[in-house]
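This report describes the chains of one structure, their nonpolar cores and the contacts between them. Please consult the sequence and the model below while reading.

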Amino acid sequence: MLIFLLRRLFQACVVLTVISILSFVIQDSLGDPVRQMVGQSISPVEIEKIREEQGLNDTKFEQYTRYASNVLQGDFGHSYFYKEPALDVILKKLPATFELAFSAIVIIILVSVPCGIYAAIRPKNILAKFLMFSSTIGLSVPIFIVGIFLLYTFSIELQWTPSFGRGDTVLVLGIWETGFLTLDGLSHLILPSLSLAIALLPMFVRLIRSEMLEVLHSEYVKYAWAKGLSPARIYFVHALKNTMLPIITIGGIQVGTLVAYTILTETIFQWPGMGSLFLDAVNRVDSPLISAYLMVVGAIFVISNTLVDLIYGYINPTVRLASHGL
Amino acid sequence: MKVVARFIHLIGLFFCSANFAATLHMATDADPASLDPHEHLSQGTLQLSHLTFDPLLRWTQENTFEPRLATSWKSIDPLTTRFDLREDVYFHSGNPFSADDVIYTMQRLKSSVEFRALFDNIDRVEKLSDYRIDIITHKPTPLLLNLMAYLFPMDKAFYQGRDDIVKFGNSFASRNLSGTGPYIITNREPGTRIEFVRNANYWDTISKGNVDRIEFSTIKSDSTRLAALLSGDVDFIFPISPLDMPRVKRSPNIQLVTLPSTRILLLQLNQNRRTELKNTKVRQAINLAVNQEIIVKKILKGFGTAAAQLSADDFLGHLDSIRPQFELAKARQLMQEAGYEKGFKVSMMAPNNRYIHDEKIAQAITAMLAKINIKVDLKTLPKAQYFQEYDKRSADIMMLGWQSDTLDSNNLFEFIVACPDPITGYGVYNANGYCNPRLDSRIKSANRELNPEKRIRLLQQIESTIAQDAVVVPIAWEHLAWGAKENVNISSIVNSQGWPYLGDLVID
Amino acid sequence: MKYSVKEMSLPISKQRFKHIWNGFLSDKLAVLSLVIFIFYCVVALAAPLIAPFDPYDPQFMDLENSEIPPYWISGDDRFLLGTDAQGRDLLSTILYGTRLSLSIGLLAVIIQAGLGIFIGLTAGYAGGKLDNFFMRCADIQLSFSTMMIAIVFLAIFQTLFGSDYYQQLAMLMLILVIGLAEWPLFARTIRASVLAEKQKEYVDAARIMGIGPMRIMFKHILPNTMSPLLVIFTIQIANAIVAEAALSFLGLGMPVSEPSLGSLISIGFSYVFSGAWWICIIPSATLILLILVMNLLGDWLRDHLNPKIYKD
């Protein structure tokens, strides 16, 4: 266990170093941060002075080593736009993205599990066929089209839901701004979480169905039928439990996709989370913020993967954790 | 008697505003990067300044000046102008406003990297009494009043000693604010929203403005912003994409207000990069082949004004005689005369998220130039990358939009047409490679000329030389568009500079 | 020997193929999908021949003709599906766009498959440290979504080649990026199949006969993994096309002068509220239909080629 965690830690370091180098390399191609922050009438001499002050005229290598040594001390640099430590800015936006992703995951679980199981148990049923067909359609419609469609229908035409932002939030425990506790916050959550969920839902419905089908064809389920166990027990206790293993693995892998999709969803609904923060940072060439975001996302991925492996090991003790590490 | 009448008036005002006190939810595409009014010269900063500070004087919709913190002004001699200041004005902090604050603010402006250039010509401010000052310039300055519209007195006692202007950094002034303006910031989440409440002690009691809370949100995406207005989540948005205007017009409870702006969109033909473009006939041919009218009609959906010169309609240099011309046959003939009837290939760069429909306009122009056999290799970039390339003059044709900070023609000439000079800052945006010393000397004398008649003639001469030589390809002046609910009376408070006077906004 | 080598190495025997084909013909939805898909392919291939205009030639762009509604509304028979904001014939841009999208999808998946097959075979056959290393890499890459990787890669490409070349190389880069980003899916599938096949007697037999590992891998094991491969292949092309569309939506895809279906949609996006609905809706519908039929075909293949389910 300890060895497993240590290996994971090592792996995390490798991943984060690679990300830090990559994010550093791409900064140049994003544009000139100084040019973004000054007005039109400022003279080239003044611009040069600012560049010098910001250390942007040093060699790339110098800049990187300075950056890396700061990061090792926990300093990700100051965001140009927010004028605060980049990490603080991101952590402030984390609750918004987390709540969005969490709601989407809840919707995905609540919808995909029953739908997937039903489609597997009654594959020939009309409803099951309809479910599968609509999941195929869902898979075929890009998420940005879904988002705009929802916005247009429910906000503009029907005026049922708010169109942008998080609405009223409440500060919990002094650090976490939550929208879960107010009616307004919840109503703002509906469309963004729905469109985020719709992006991943079809995949999970199909996954659960196919895993379930496979399990239902396995020997031990046949044995269970032969033993005369009740269908409910077979489906929900024996089959479902074994279906969950691969789904947790793939679910863990999908965390990355979820994070990427939050960028699109947050942009469409002006959700003040990390995703829209990232896109804004790219537009403003706020390089410290961009690097910090990529590092945080990298860390989230390493943590979620480790968690998935731990859960996996917990559910299925035959998996030796250590053999999983690099 | 007079006192009683004033008292009744005040009481009436009090009841009016108490009865109709309203909250305004508004959304724009960008929020100010800092609370420091001198850190970044941008529309966002100036919008904020008009909300939380007051200028000495400000533009009206008719392009005249109206007194704000200065009550009157007069010229004493060519170098001196005297301003009388308003009494009984208090900053948000409670400190009283006086001449010292103006002197302090002027010093700070002159040390600001961004504003310094504008105020270069001002020598000093002399205090005659607590409410009277003389502003003394180095040289005669015809545009002094235009500059004073940028002077928003700051609270000296509040800022002094901790007033560093720090770009990209965390400074006292970038997080704290004390002005005399109609609104006080109560809450700010950068990049997301700012909340304001009305300044209870605001000096302008004549203003009918009845908005006592403003919730200012930032919504980047055009369609989301419009959706927020259409769904009723916000009352007032800016800007609106020309494409969405038909939709706004169709909506029953939404009003659309548009005003021509003075920002000119133009193409610069780099003569240093290409010998073909050195030929005046070729440049004239390009100007004739570009059909400004149809760009305005089809791409800007009529929300723009086709341009054939740099100075917008209200500018002194504007010449009614210069009209956009579109004559393909003549353009082809000129190309033939220049010896390029077979055409040539040029590279062109344009931003894709800076000006209204910049990318679409650039694309349309490639098609128009193809008609005179000029094959354009177009590349469009996000603004962050574009201006890096612009500074390097990376392509033969570059797109540029320019708003004159002083609302005067000469600002355009100085930056875009004058010969590049890194010391004076002239010609910083001259990507034409055009350098005409005679024009330069005229531009310089227009900066000194105090006689309005002579100055107009000078500016118009410069404008017509630029048009004759076809130095640049002017395209259009963009229009600004605001959308609001019916009961929000925005039409009287917006202006072509793009900073609405929200202090005077009335919501029914 | 009872079976010829050929018969052993061909998992889809003639008889089974016939069985599958008959099953296919009886499934109307699958047949319809295939017909539509073939139609798309033909149209994409023949785009330069059948398109009324060449959308890449600015000579055919005329603002006078911009935003003409489709024929059935405007009655303008020059432009069957109307024109876009630049006055380009929408039908032609969609034909060329489909061609681009399909080529990007196909080529990207070929790269994915090539890389994935090679790594999967090696990892599965060699096992041990090498296997562990490759699969760990696959894990890492899979958990960063394609889009993240693509955004980073495209930015790096831009730095390396400078934006001058970027627009000329945009298509190549998109293919490479999407191709490099999703190899793990192939690698994992192949590896799983290899691990399963490795246990089988025919591999042992081949090894005993002294056939080299390369030959065993490519000639004997690979053909046996064809059916899951085919399934992934179809679905991955669909995914690659969607990925390209999403990148274009974020402004990282094909340049405006050479629009793919994705960039057409993202251009059309600003027209959602404008009333010129066809500029947005028609390309979107074209893309969605294409992805839908490919997914339906993939579904069908999965249901009928997957040996585990095929048993019943």
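## Helix H14 of chain C

Helix H14 of chain C covers residues 278–305, 28 residues in total, and spans 39 Å from its first C-alpha to its last. That is close to the expected 40 Å, the expected span being 1.5 Å times one less than the number of residues. Helices (H or I, at least four residues) and strands (E, at least two) are DSSP runs, numbered from the N terminus.

Because 20 of its 28 residues are buried, H14(C) is largely enclosed by the rest of the structure. A residue is buried if 20 or more other C-beta atoms, placed from the backbone, lie within 10 Å of its own; it is exposed if 12 or fewer do, and partly exposed in between.

## Basis of the model

This is a predicted model, in which local features need pLDDT of at least 70 and side-chain atom pairs count only at pLDDT 80 or more, while totals for chains, interfaces and linings use all residues. Residues are numbered from 1 along each chain as its sequence is written, and chains are lettered from A and ligands numbered from 1 in the order in which they are written.

## Nonpolar cores

A nonpolar core is a set of buried Ala, Val, Leu, Ile, Met, Phe, Trp, Tyr and Cys residues joined through C-beta atoms within 7 Å. The largest contains 266 residues, and A:Tyr293 and B:Ile237 have the most contacts inside it. Helix H6 of chain C (residues 90–126) gives the most to this core, 15 residues. A second, separate core of 33 residues includes B:Phe53, B:Ala70, B:Phe91 and B:Phe158.

Two residues are in contact if their C-beta atoms, placed from the backbone, lie within 7 Å. Beyond its neighbours within four places in sequence, B:Ile237 has several such partners, among them B:Met26, B:Arg225 and B:Gly483.

## Contact between chains A and B

Here 38 residues of chain A meet 37 residues of chain B. Helices of chain A that each supply at least two residues to its side include H2 (33–37), H7 (143–157) and H10 (231–269). That side of chain A comprises 19 nonpolar, 13 polar and six charged residues. Ala, Val, Leu, Ile, Met, Phe, Trp, Tyr, Cys and Pro count as nonpolar, Asp, Glu, Lys and Arg as charged, and the others, Gly among them, as polar.

## Chain B as a whole

Chain B has 17 helices and 17 strands. Of its 508 residues, 52% count as buried. Its C-alpha atoms fill a box of roughly 80 × 55 × 45 Å along the principal axes.
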